[in-house]
Every structure is written in C-alpha cells, then in structure tokens.
Amino acid sequence: MGRAFEFRKARKMKRWASMSKAFTRIGKDIVMAVKEGGPDPDANSRLRAVIQNAKAVNMPKDNIERAIKRASDKSQGDYKEVIFEGYAQHGVAVLIETATDNNTRTVANVRSYFNKTDGSLGTSGSVVFMFDHTCNFKIKGDDLDLEELELELIDFGVEEIFEDTDEDEEGNEITSVMIYAPFESFGSIQSYLEEHNIEIISSGFERIPQVTKKLTPEQVEDVEKLLEKLEEDDDVQNVYHTMEDSE
C-alpha cells in the first residue's frame with residue numbers, strides 16, 4: 001500500500017472529534033458551493049459533492065436544506081478560504097486550511113495558538129511544498145473489479161485505489177473503496193463515476209506529507225498542544241502536519 005493508504009489509516013479516527021464540528025465544516029462548505037455555483041445540485045457539481053459528504057456524516061436532510069436556503073440568501077456573507085503555514089515545536093511543519101468571514105480574527109487566533117505553544121507562524125509558501133495536494137473519493141465497492149477500475153481511471157491520474165473498512169452504528173464492518181488522485185483530477189473523476197453510475201459516498205481534498213518526522217512521546221505531546229488548539233477553532237477546516245502518526 002502507498003502513502004495515501006497509510007495517511008488515511010492514521011487520520012481516520014482523528015478526523016472529526018465531534019459531530020458538531022463536522023456539521024460546522026459542512027455548513028461552510030455548502031455556503032461556498034452555493035455562492036460559487038448556485039443552489040441546484042444537478043447544475044452544481046461542487047454542491048453535489050458537499051451534500052454527499054453531509055449524508056456520509058449523518059447530517060439530517062432538513063439541516064442540509066436549511067443550509068442551502070440560507071446560503072442562497074443575498075444577506076448571507078461568504079467565507080474566504082485561507083491557508084496558514086508554520087512550524088510546531090521540534091521542526092514539525094503544520095499547514096492549516098481555514099474558511100473565514102473575518103480574516104483579521106482568524107489570523108489573530110492562529111498566530112496566538114503558535115505563540116502559546118512555542119511554535120512559529122510562517123509566511124505563505126514556507127511549508128506548503130512539503131505536502132502533495134490530493135483529491136479523494138469513497139465509493140460503494142460492491143461488484144467492482146478494482147484492477148479494471150484502476151485501468152479505467154489511470155488516464156485521470158489516479159495514484160491509489162484500495163479497499164477501506166468502517167463500522168456502522170451497530171458495529172458491523174462496512175467495506176468501501178478509496179480513490180486518491182492529484183487535486184486537479186477531481187472534476188474529471190467525479191464526472192466519470194457519475195456517468196458510470198458508481199455511487200459516491202463522500203469526496204474531498206487532502207494534503208499528504210511527502211516526508212514525516214518521528215518524535216519521542218514527550219515531543220508528540222508538545223506538538224499535539226498546538227494541533228488541538230487549531231482543530232478546536234471554528235474557522236479551521238483541516239490541519240495537516242509532518243509528524244509521524246503513532247498507532
């Protein structure tokens with residue numbers, strides 16, 4: 001298995017600590033998708049993808065519809081996507097994706113988290129080159145030949161396809177298929193899957209570190225102090241780092 005498989009395995013249990021955080025993130029994604037392409041999912045591929053993600057985290061249908069309606073209101077402000085880069089203690093690079101309606105507040109908060117944990121907020125471009133920007137799709141794996149699918153998708157730049165397992169609310173194991181490709185391949189892969197009636201469970205973007213750094217348990221604790229502060233902030237959508245994740 002490749003880097004995407006290992007990256008996903010390490011992040012799976014950490015991705016969203018609470019359902020409310022997931023709902024907050026998706027609510028912002030809906031606003032940005034509607035502002036960009038309108039409220040009709042049939043005509044807005046980005047909104048279709050966000051709705052799939054909302055269903056994947058069991059966001060109620062009423063919540064999704066209300067979020068789309070609010071986003072369609074001209075009085076609803078938009079969110080700007082802003083990336084922050086810096087270093088935690090022990091030379092660990094950290095990349096933060098935010099969606100904010102108040103950049104001044106977000107900059108101040110992110111800077112304070114770095115300062116309070118003896119890290120340093122860097123300039124644009126200081127660490128982003130250390131991460132590969134990828135897109136991913138989780139699809140229903142029933143009756144799919146993975147080797148054949150990989151051959152079909154190789155022209156779209158797909159880098160990894162592998163089976164993934166999760167548990168449902170009753171603790172039953174559910175098997176799906178993960179597809180990883182470069183960031184710019186998202187639209188073409190989405191179109192292919194939809195045209196071939198392959199059900200998309202969820203999709204998104206991730207930044208996979210090219211190289212990771214192994215730390216002692218004590219050093220890991222130092223870095224986690226910063227990561228926890230960042231992940232608790234409502235403006236923060238994703239946090240990536242180059243620290244090697246322990247099992």
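Visitor: Leaving aside its neighbours within four places in sequence, with which residues is Gln190 in contact?
Guide: This is a predicted model, in which local features need pLDDT of at least 70, side-chain atom pairs count only at pLDDT 80 or more, and totals for chains, interfaces and linings use all residues. Residues are numbered from 1 along each chain as its sequence is written, and side-chain values use heavy atoms, with hydrogens and water left out. Contact here means heavy atoms within 4.5 Å. Once neighbours within four places in sequence are set aside, the residues in contact with Gln190 are Ser45, Ala49, Phe137 and Ile200.

Visitor: Does Gln190 count as buried or exposed, and in which helix is Gln190 found?
Guide: Buried means under 20% relative accessible area, exposed over 50%, and partly exposed in between, with a 1.4 Å probe and protein chains only. Because its relative accessibility is 4%, Gln190 counts as buried. Helices are DSSP runs of H or I with at least four residues, strands are E runs of at least two, and both are numbered from the N terminus; the one that holds Gln190, spanning residues 186-195, is helix H7.

Visitor: How far from Glu160 is the nearest side chain of opposite charge?
Guide: Lys and Arg count as positive and Asp and Glu as negative, while His and the chain ends are not counted. A salt bridge needs a side-chain nitrogen of Lys or Arg within 4 Å of a carboxyl oxygen of Asp or Glu. Glu160 is buried and has no salt bridge, and the nearest side chain of opposite charge, that of Arg3, is away by 6.3 Å.

Visitor: Which backbone nitrogens does the side chain of Glu160 reach?
Guide: Glu160 is found in strand S5, residues 160-167, and, not counting residues up to four places away in sequence, touches residues including Gly2, Arg3, Ala4 and Phe5. The side chain of Glu160 reaches one backbone nitrogen at 3.4 Å, that of Gly2, and another at 3.3 Å, that of Phe5.

Visitor: What is the angle between the ring planes of Phe183 and Phe205?
Guide: Rings of Phe, Tyr and Trp (its six-membered ring) pair if their centres lie within 6.5 Å, and planes under 30 degrees apart count as stacked, over 60 as edge-to-face and the rest as tilted. A search of the whole structure finds seven aromatic pairs. The centres of Phe183 and Phe205 are 5.0 Å apart, and the pair is tilted because the planes stand at 50 degrees.

Visitor: Which residues form one aromatic cluster?
Guide: Phe205 is partly exposed, with a relative accessible area of 30%. Phe186 and Phe205 form a tilted pair, 4.8 Å centre to centre with 40 degrees between the planes. The one aromatic cluster is formed by Phe137, Phe183, Phe186 and Phe205.

Technical notes. A polar contact is a pair of N or O atoms within 3.5 Å; within protein, one must be able to donate a hydrogen and the other to accept it, and residues adjacent in sequence count only if both atoms are side-chain atoms.
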